[in-house]
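Please look through the model shown here before reading the report. The text is meant to be read alongside the sequence and the coordinates.

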Amino acid sequence: MERTVYSDSLRQVLETLCTHPDRGLTQAEGARRLAGYGENKLDRAKPPGLARQVLGQLKDPMILVLLGAAALSLLAGGGRDWLDAAIILLIVVFNTVISVSQEDSARKALEALEQLSAPRARVVREGAEQRIESARLVPGDILLLEAGDYIPADGRILWAAGLQTDEAAMTGESLPVHKRAGEGLPPDTPLAERRNMVIGGTVVTAGRARVVVTATGMDTEMGKIAALLLRQGRGETPLQRKMKEVSQVLSLVCVGVCAVMFGVGLLQHRDILDLFLTAVALAVAAIPEGLPAIVTIVLAIGVGRMAKRSAIIKRLPAVETLGCASVICSDKTGTLTQNRMTVREVWTPAPGLRERALTLGTLCGDAQPGPGGYTGDPTEAAIAQAAAGEGLAKAALEQQFPRRGEVPFDPVRKRMATLHPLASGEVLVAVKGAPEGVLARCGHVLGPQGPRAMTAGDRRRILEANAALAAGALRVLAVAQRTLPALPRALEAEGLETDLTFVGLIGMLDPPRPEVRQAVARCAGAGIRPVMITGDHKDTAVAIAKQLNIYRPGDKAIDGAGLDFLPQESLEEEIEAFSVYARVTPEHKMRIVQAWQKKGHVVAMTGDGVNDAPALKAADIGCAMGKTGTDVAKGAADMILTDDNFATVVAAVEEGRGIYANIRKAIHYLLSCNIGEILTIFLATLLPFAQAPLSPVQLLWLNLVTDSLPALALGMEPVEGTAMARPPRGKGEALFTKAFSLRLAWQGCLIGGITLLAYGLGFHLAGTHAAASTMAFATLTLSQLFHAFDVRSEDTPLFRLGWFSNPAMNRAFLAGAALQGAVLLAPPLQGVFAVVPMDLAQWGIVLGLAVTPLVVCEIEKALRRARAGRRAAREEKSPVYR
């Protein structure tokens, strides 16, 4: 049926699909077809099964070496060292389980994010319009499309007004394609010429249409192409790649240390098997092989938290960029304001024309009656509501003046026109749009006795009235009319929107959101510059910007005409002087974003329309509106704001900074602990110890207990209160700054040092390697668990953070301490891990040493804060800073 659907008549198509063009399918029939046809999705590679995931883990070179070490341990001891081999194998199993579960958690989190941003479609079922997930579309559904929508499935056009689609992705046609309803085409018509069809996966760039779905999922034209291709695996995020590089570098360092340790041990005539097992165990324990997975999980946790604050992240790399945002370019309507327009004033060139102006504005709009008023475009709904309040209900007006054609709104001409037959046989053309654009097409003005030629004085008076309304923060639309003798054959803007008669100006107010002013203040404290980019009149935009403190004394505003005369080089030089950009086109928005970027800023851009998509794509972080945003805008964006609120952008930046900080904390914890482990074994090899302080089994256990849970708990750390009190991180700022690297080094040395001290004290007190090794093992494990608490913040003291502000960390500590306590206290496990009971003095030494990193790091934080305070005081007193 798909092969002939474009050649059949509309009646045949509807009969074949058993559907009605006005009522659509019933819910029950939709559910039945969904079960039969399947979801409207392209097939995708299935995630690997459990067996493949496990085998994938066993391919890891370190795991293979570890398995070889277990076999060597068993064979070299003639079967007597079976316990060591069994423990090594058991720990390999545990590590594999943890790695597989981490990967599975990351995959599920990413799939959940995909569901959050899944597109929805407008359909007619049982005669009522409703929104459903695009995946639930079935052949026979009646689909409603308008400018900005992604087309979710193939379909035959039942009705269209000015419909154009971008089919470049499917046919290579670079220009928008005009579509129309009509009879069948020849059966051999190529895909690019099927004007009576829409193609799934393409975009509506203009107009509206009603379409019957003819194919979904893999049966669509897009599905046929997908069937020919092998799906590629999911790519890594930049941060994951960076972490992989870190792991590789650390692995090389660790292998080098192991080789040196092995060589020194041979010179000291130590047992080769013990040396080999220790070297392998150290390599496995010290290499953070789970770091990329932990980073992904931390990102996913943070993204889930952002979703609860009405910001849905579509691409994980955007989280990294959010922490760097230094400029937020925000649209005005609905983002900075409440998107609740009300008509405040109607200005007409002569008395008695108010009703005429409201009638034209209502006819030339697509607002529809809904619960509590009118729904649709806020300005059109406001005009329809005002007209209804004066006895001019839209339903009655449309019955009197039915619409017989339209030229949809275009962001370049900024106008819309509709055609309505009159009782006299003539046709009324109603035009609504931006005052400057409408006035430019007017040759007459409506007076008490009818139209008359417009004079220069009329134009001046209209422009003055427009400026006065805009100065009061009103959004102003102009309405005009024209009478034709008959319906024209071609509905073209150039022919219809000429020699118009000016009727009036309609001024509407969309009050600012109450929470935005506070959000703007937070931006100032965080070193972020908010600017307004809007299609509104400059005076209106400046008035709102002043109320919100976006436009401050000394700032400038510029409109599209001014931008046209300003070369890009000059704009890049002066860009920081402007806080408001008004009457802009899509090209202007691109220029503005690129100019800010040229100055070295990281730009977040909000938008909702098709015309915003290029700028959203060009911005470092594109933020689409979830309520009013078109599918095209959402597709181009990195983030979707489900409440269309500027304050949510600021909250998302705060969360982004927190997520990046939490990733640094997890890296900080893992690497400082690993440095401590490497240092302990390496120095022990160089020092004249009879045996290594830690056995291979103890090292592997340490990796199991300390590496996963505390690192993940750090990823759940609440955003610090100081996150928005610092300037944004530079886009190119390295993860491992000099200060960060030094902190890792000295804290790792501290952990390694106290472990060796514990071993030395143990040997001094008990005189046996077993007691000394037990104290070193307990100290290293517990010190890492305590160390996780001071890593929770680089600057804020723990008592200010609160011991219970991150319950996940408390649970991770208790779980790790309980596991380690079981090994140290339970007799069966004592034998397995070669530990001996400790007396109270030994326990006191172990706990005192274990808590040392926490105490020392907190003292170091206090000293750093004191130094910073003294430096700030000196700078305040210095004449240079006065």
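The report covers the basis of the model, then strands, helices, the surface and salt bridges.

## Basis

This is a predicted model, in which local features need pLDDT of at least 70 and side-chain atom pairs count only at pLDDT 80 or more, while totals for chains, interfaces and linings use all residues. Residues are numbered from 1 along each chain as its sequence is written, and side-chain values use heavy atoms, with hydrogens and water left out.

Helices (H or I, at least four residues) and strands (E, at least two) are DSSP runs, numbered from the N terminus. Buried stands for under 20% relative accessible area, exposed for over 50%, and partly exposed for the range in between (1.4 Å probe, protein chains only).

## Strand 7 and its partners

Two strands count as paired if DSSP finds at least two bridges between them. Strand 4 (residues 154-166) pairs with strand 7 in the antiparallel sense over 10 bridges, and there Gln-164 stands opposite Ala-206. Strand 3 (residues 142-146) is also antiparallel to strand 7, over five bridges; the bridge partner of Leu-143 is Val-211.

An open sheet of eight strands runs in the order 8-25-24-23-9-20-22-21, with mixed pairing. At its edges stand strand 8 (311-313) and strand 21 (556-559), each with a single partner strand, so one side of each has no neighbour in the sheet. On average, neighbouring strands of this sheet are turned by 20° against each other, direction ignored; the axes are lines fitted to C-alpha atoms, and angles run from 0 to 180 degrees between N-to-C directions.

Strand 24 (residues 621-625) and strand 25 (residues 639-641) form a parallel pair over three bridges. In this pair, Ala-624 stands opposite Ile-640.

## Helices and surface

Helix 28 (residues 738-766) has 29 residues and reaches 42 Å from its first C-alpha to its last, close to the 42 Å expected, where the expected span is 1.5 Å times one less than the number of residues. Just after helix 28, Gly-767 takes a positive phi of about 75°.

Lys-598 belongs to helix 22 (residues 586-598) and is exposed, with a relative accessible area of 62%. Between Lys-598 and Glu-572 there are 6.7 Å in space, C-alpha to C-alpha, and 26 residues in sequence.

## Salt bridges

A salt bridge is a side-chain nitrogen of Lys or Arg within 4 Å of a carboxyl oxygen of Asp or Glu. By this rule the count comes to 32. One of them joins Arg-208 and Glu-406 at 2.4 Å, N to O. This pair links distant parts of the chain, with Arg-208 in strand 7 and Glu-406 in strand 13 (residues 405-410), 198 residues apart. Arg-208 is partly exposed at 24% relative accessible area, whereas Glu-406 is buried at 7%.

Glu-654 and Arg-522 meet in another salt bridge (2.9 Å, N to O). Glu-654 lies in helix 25 (residues 646-686) and Arg-522 in helix 18 (residues 516-525), so the pair ties together parts 132 residues apart in sequence. Glu-654 is buried, at 12%, and Arg-522 is partly exposed, at 30%. Salt bridges that share partners join Arg-305, Arg-309, Arg-522, Glu-654 and Glu-655 into one network.
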